[in-house]
There are 2 protein chains.
Amino acid sequence: MTAVSVPSATTSFDLGPARALSCRECGHQTPLAPEYACLECFGPLEVAYDFGRVRREDIEAGPRSIWRYRGLLPVPSNVESHPNTNPGATRLVEADRLAKALGVRKVWVKDDTGNPTHSFKDRVVGVALAAARELGFKVLACPSTGNLANAVAAAAARAGWQSVVLVPSSLEQAKILMTAVYGGNLITVDGNYDDVNRLAQELAAEHEDWAFVNVNVRPYYAEGSKTLGYEVAEQLGWRLPDQIVVPIASGSQLTKVDKAFREFGELGLVDATPYKVFGAQATGCSPVSAAFKSGQDVVTPVRPDTIARSLAIGAPADGPYVLDAVRRTNGAIEDVTDEEVVEGIRLLARTEGIFAETAGGVTVATAKKLIETGRLDPDAETVLLITGDGLKTLDALGDRVGPRANVPPSAEAVLNALKD
Amino acid sequence: MTAVSVPSATTSFDLGPARALSCRECGHQTPLAPEYACLECFGPLEVAYDFGRVRREDIEAGPRSIWRYRGLLPVPSNVESHPNTNPGATRLVEADRLAKALGVRKVWVKDDTGNPTHSFKDRVVGVALAAARELGFKVLACPSTGNLANAVAAAAARAGWQSVVLVPSSLEQAKILMTAVYGGNLITVDGNYDDVNRLAQELAAEHEDWAFVNVNVRPYYAEGSKTLGYEVAEQLGWRLPDQIVVPIASGSQLTKVDKAFREFGELGLVDATPYKVFGAQATGCSPVSAAFKSGQDVVTPVRPDTIARSLAIGAPADGPYVLDAVRRTNGAIEDVTDEEVVEGIRLLARTEGIFAETAGGVTVATAKKLIETGRLDPDAETVLLITGDGLKTLDALGDRVGPRANVPPSAEAVLNALKD
């Protein structure tokens, strides 16, 4: 159980049901504050709650956004009174044609491309912004390779905050433009993502009022991913799925979806039925998959080389916690080649009309591989998390996708082209 | 009143409340059928209904998609039992920062970028697919320059239908890829959009089972745009806005939003309060704006030359009906330069974190111009329709949007760049 009771006198922040920060390694508790590392052991801090009673009716009566779950998030009770992009409430698509193509009974696709900047990052940034405001930060910031940059720049614009977004200068022009258009301070850095990330750590330490959402606000930020799990369960009619496949970058999302399912069960919002969590990586950056396959508890960093850039974190912070969650629920972790990633994107698009970014291709292709090797039960129900949009990773399609034919302007030419 | 009573024995199709097709020019009625031009005068046909009683509670109890309004659309009563992309239920954003920037009291942005393929075209294609199935078509098709191509290819994929999508071969690579990925028959044609459109007319006449959504299924297809108006009114708390600004391409959308407001008033779903409809065009393709300004009833075709390609229809089919609706409601039509379009995109992005395509830039910039010239009342409430996504028209931003600075990987360099 993640809920704990800490005297509320230890904090002066209104972060809803959040009561303390708790070290995921040593369990040491500290009052709610703009902290992210344990003072005792330097382990990562996580939000601990005292939820009280949470009822389905209250959630159902809430807004059509992640704020319907505000009673389960580290955000102020008046979160809706401040401007926010209000993400969430994305589609859960009954994917019968995909299920048939995969040879399984039932598949649902959680399509997070419908979020304001078309990725799940709007969820975590929405929570980070709300918490950061309460914690006294004044600037929204991040290091990023794309989706997070878009979400931070958009959320800051909406809120009227300054933003500082750091990205590698080699980033695709589309991601640079979609960040720059929101008008914050976008700085390209001559270096790779690791260089940018180190810069963010350094700047966060120097600037008390800069909220680097995925660095010094990370404990709050990461909780936003729980809403993916909450929505899936509510949209299934208040029940947990049998199986869920989640892409792994830092690993945070997978652990938070698992946490969401556990919380819903513990709070009696759903029956605590057994579920299996499966992790998906690209082979060109598969340190967690490698650890899982070799039965290890530690994750050995790698140098990423994959078209699935949004998953290309070679040293995933939450890798060990991913291994815990997957093993505890009897799931598995698998990885797929870049070729399979593109085929995964195409399979989802052709069967369901959903255009996913490369990370979505990883999820679909991994599900396919897990089915073919008998680890996903074809008779059980499976949810696939599609967390980002194909329009942002068009380059990955290369010349493998294109028109059927180019013809002169005559009906006969069109018909001949269709016959070929 | 658009509702009429026609004996239901005259048709064998279940298209919900639709009862007949009615000529917008001569009023001649014909049974529901796969027709689009009046047999008497060749005028455009429109769906006529017998709505019966429609209650707020029934709509509110419906699905979170356009199908909550199925009792007001020409679709089978069992529309939800067939696969469809189920668009709609997009955000209505309270845009206080944009309102402040524009110097007006209250602005709402209807953000249709949240649809499955990120434009309002999913609405019209959703209705077209549902009607086409009932009318016996087997192939979903269209001529398009982008958004419609995406929506048709995705909807056909989801439904398991064949699709034939015709586009000019000069189309941007992004729009070609996003159509091709869904796996239908995408044919690029050496010619401009007018050539492609003529081809579609010819092919539709030759193939009885091909539903060219915007040609031979147009009467049904166009009704899908009513859902934009319905949603705005419902999301405002079951009331009509004072003013609404709508971009004009063929002009169909503007007339259907007006129709939606009238229907809601006539059915007693809202108080029939007065509202003004404003039209927005790019100066490089502004035939309806020109006709409005010169007080004419006819629209003289032009050769389009604007970055707002999704609005670049030089001979807008619904131009005269747009003039009627705008004049009847005491609105106005205005046009803006490509430079203003880009500024409109940037203004919306910087103030609200919403990234619109060029058509959205036209809407925002036109609203600004209408405010500055006193035609939009700054004390009244204004709704802006943002119908497509900035990720599809990145080229339009050119070099006017970019990073603040490029720096070496040092914190000092970042801080210096922020000082400049």
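The model is predicted: local features need pLDDT of at least 70, side-chain atom pairs count only at pLDDT 80 or more, and totals for chains, interfaces and linings use all residues. Residues are numbered from 1 along each chain as its sequence is written, chains are lettered from A and ligands numbered from 1 in the order in which they are written, and side-chain values use heavy atoms, with hydrogens and water left out.

**Exercise 1. Describe the domain assignment of chain A and how domains 2 and 3 meet.**

Step 1. Domain 1 covers 8-49, domain 2 covers 91-118 + 225-397, and domain 3 covers 121-218. These bounds come from an automatic or database domain assignment.

Step 2. The centres of domain 2 and domain 3 of chain A, taken over C-alpha atoms, lie 25 Å apart.

Step 3. Count the contacts (heavy atoms within 4.5 Å). In domain 2, 19 residues touch 14 residues of domain 3.

**Exercise 2. Work out how α3(A) packs on α4(A).**

Step 1. Helix α4 spans residues 147-159; its axis is 9 Å from that of α3(A), at an angle of about 45 degrees. Axes are lines fitted to C-alpha atoms, for helices over the stretch in contact, and angles run from 0 to 180 degrees between N-to-C directions.

Step 2. α3(A) is therefore oblique to α4(A). Angles under 35 degrees count as roughly parallel, over 145 as roughly antiparallel, 65 to 115 as roughly perpendicular and the rest as oblique.

Step 3. From α3(A), A:K121, A:D122, A:V125, A:L129 and A:R133 meet α4(A) residues including A:N147 and A:L148.

**Exercise 3. Classify the packing of α8(A) and α9(A).**

Step 1. The axes of α8 (residues 226-235) and α9 (residues 252-266) come within 7 Å and cross at roughly 45 degrees.

Step 2. The two helices, α8(A) and α9(A), are therefore oblique to each other.

Key:
Helices (H or I, at least four residues) and strands (E, at least two) are DSSP runs, numbered from the N terminus.
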